[in-house]
Amino acid sequence: MTSESSATTADAVEALVPPVNSHNEWDPLEEIIVGRLEGSAIPSDHPVVSCNIPPWAARLQGLAAGFKYPRVLIERAQQELDQFIALLESLDVTVRRPDAVDHGRRFGTPDWSSRGFCNACPRDSLLVIGDEIIETPMAWPCRYFETHSYRAVLKDYFRRGARWTAAPRPQLTDALFEKDFRVPGADEPMRYILTEFEPVFDAADFVRAGRDLFVTRSNVTNGMGIEWLRRHLGSGYRIHEIESRCRMPMHIDTTFLLLAPGKVLVNPEYIDVDRLPDVLRSWDVLVAPEPNPLDGQLLKATSMCGKWLSMNVLMIDEKRVIAERHHTDMLRALEGWGFEPIPCDLLHYAPFGGSFHCATLDVRRRGTLESYFD
């Protein structure tokens, strides 16, 4: 066979491989997008941001919104991120990256202006359903143009056959946000900062199990956002809402995470197992152990996320799972449940919004669309 015919054959084989194909959280992982830290800026001061982050971060916003993150935070997180990427590549996973962007630049609409945040967490702004990749209508103004840093990758996937959709771009005017909102106390009825003025949602409030998706309503995902996705996906999919007791809900993957067929990991602080959707009655409900305490005042003080980031794991397949090396109790629990944990460091990524699940978007997994609850 000539080199020319070999190249033709290789091109033909590549054309048969769908660039985007991911139906659940556990099929064998083949390609993934991993976020970037370059150009990250402290998120802009806005009630929808401050209501979802720890008090230290809210105070910092008032002083430093739009300024770059301190080098001391970026350098350690970058070292861990580089090691994580090397681990993925050693597991034969293709890694794609967004473009580096200066998020400190100001932008706006006719109604408001803001500086950016970062593109550390592709899980938030992009949702993969089968061969479709959806840009989500996020509620944080500082994230309005975040998907622009992924456009080179998105255009490549589209040229190679993927479906590329953008949800309606939200206006993000004051009408979307409850005036004088305050976080509800433990004994008060749940309330959210978002009204139903327009559809908004973060992709990270959803997890997938084939034809069934699970979602938490939160301070970045409203009822209209859930209904938009339900109508968009049509009758071939079902969306189930997970009731969370978290007083500051934002993103499902520290509350409820699907690990493998028949196995779901839950946060005992936020989830009442008896109130899970009926479709999960036959599944094993794995209760996450109490997270190991963090060492070091800087690490404790700068985490944008709660202690349950220990749950933020990434499935390589139905058995292998990347989890934080520091959370030894979680590693032991995963092993006891029949998984093969792969320890890795990513603790210092928390100031930028997450850990392994947040920091990635699984674009291609080797599997087909199935129903796990019929």
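Which residue in β7 does glutamate 132 stand opposite? Glutamate 132 stands opposite arginine 163 in β7. The model is predicted, and local features need pLDDT of at least 70, side-chain atom pairs count only at pLDDT 80 or more, and totals for chains, interfaces and linings use all residues. Residues are numbered from 1 along each chain as its sequence is written, and side-chain values use heavy atoms, with hydrogens and water left out.

Helices (H or I, at least four residues) and strands (E, at least two) are DSSP runs, numbered from the N terminus. Two strands are said to pair if DSSP finds at least two bridges between them. Strands of a sheet pair through backbone hydrogen bonds, either parallel or antiparallel.

Strand β6 covers residues 132–135. It pairs with β5 in the antiparallel sense over 4 bridges, and the bridge partner of valine 128 in β6 is isoleucine 133. The hairpin of β5 and β6 has 2 residues between the strands, and glycine 130 there takes a positive phi near 65°. With β7, strand β6 pairs in the parallel sense over 4 bridges. In a regular strand the side chains alternate between the two faces of the sheet. In β6, Glu132 and Ile134 point one way and Ile133 and Glu135 the other way. All of these residues are buried, where buried means under 20% relative accessible area, exposed over 50%, and partly exposed in between (1.4 Å probe, protein chains only).

Strand β9 (residues 212–215) is joined to two further strands. β8 and β9 run antiparallel and are joined by 4 bridges, with leucine 213 in β9 as the bridge partner of arginine 208. These two strands form a hairpin with 2 residues between them, and glycine 210 in the turn has a positive phi of about 65°. Strand β10 (residues 238–241) pairs with β9 in the parallel sense over 4 bridges. Isoleucine 239 in β10 is the bridge partner of leucine 213. From β9, Asp212 and Phe214 point one way and Leu213 and Val215 the other way, and all are buried.

An open sheet of 3 strands has the order β14-β15-β16, with mixed pairing. Its edge strands are β14 (314–315) and β16 (340–344), each of which pairs on one side only. β14 and strand β15 (residues 320–324) run antiparallel and are joined by 2 bridges. Within β15, valine 321 is the bridge partner of methionine 315.

Helix α4 (residues 71–90) has 20 residues and reaches 28 Å from its first C-alpha to its last, close to the 28 Å expected at 1.5 Å a residue. The expected span is 1.5 Å times one less than the number of residues in the helix. An α-helix has 3.6 residues a turn, so residues three or four places apart point the same way. The buried residues of α4 include Leu73, Ala77, Leu81, Phe84 and Leu88, and also Gln78 and Glu80.

Most residues other than glycine have a negative phi. Aspartate 180 has a positive phi of about 60° although it is not a glycine. It lies in the loop between β7 (163–166) and β8, and is exposed at a relative accessible area of 70%.

A search of the whole structure finds 5 cavities of 30 Å³ or more. On a 1 Å grid over the protein atoms alone, a cavity is a set of points where a 1.4 Å probe fits but cannot get out, and lining residues have an atom within 4 Å of a point. Grid points are joined across faces, edges and corners, and a volume is the space filled by probe spheres set on the points. The largest cavity has a volume of about 70 Å³. Its lining includes Glu25, Arg123, Val128, Arg208, His357 and Asp362. β5 (126–129), β8 (206–209) and β17 (360–365) each supply at least two residues of this lining. The lining residues divide into 7 nonpolar, 1 polar and 4 charged; Ala, Val, Leu, Ile, Met, Phe, Trp, Tyr, Cys and Pro count as nonpolar, Asp, Glu, Lys and Arg as charged, and the others, Gly among them, as polar.

The structure holds 0 disulfides, a disulfide being a pair of cysteine sulfur atoms within 2.5 Å. The sulfur of cysteine 121 is 5.2 Å from the closest cysteine sulfur, that of cysteine 358, which is too far for a bond. Cysteine 121 counts as buried at 2% relative accessibility, and cysteine 358 is buried with a relative accessible area of 4%.

Conventions
On a 1 Å grid over the protein atoms alone, a cavity is a set of points where a 1.4 Å probe fits but cannot get out, and a pocket is an open set with protein on both sides within 12 Å along at least five of seven lines; lining residues have an atom within 4 Å of a point.
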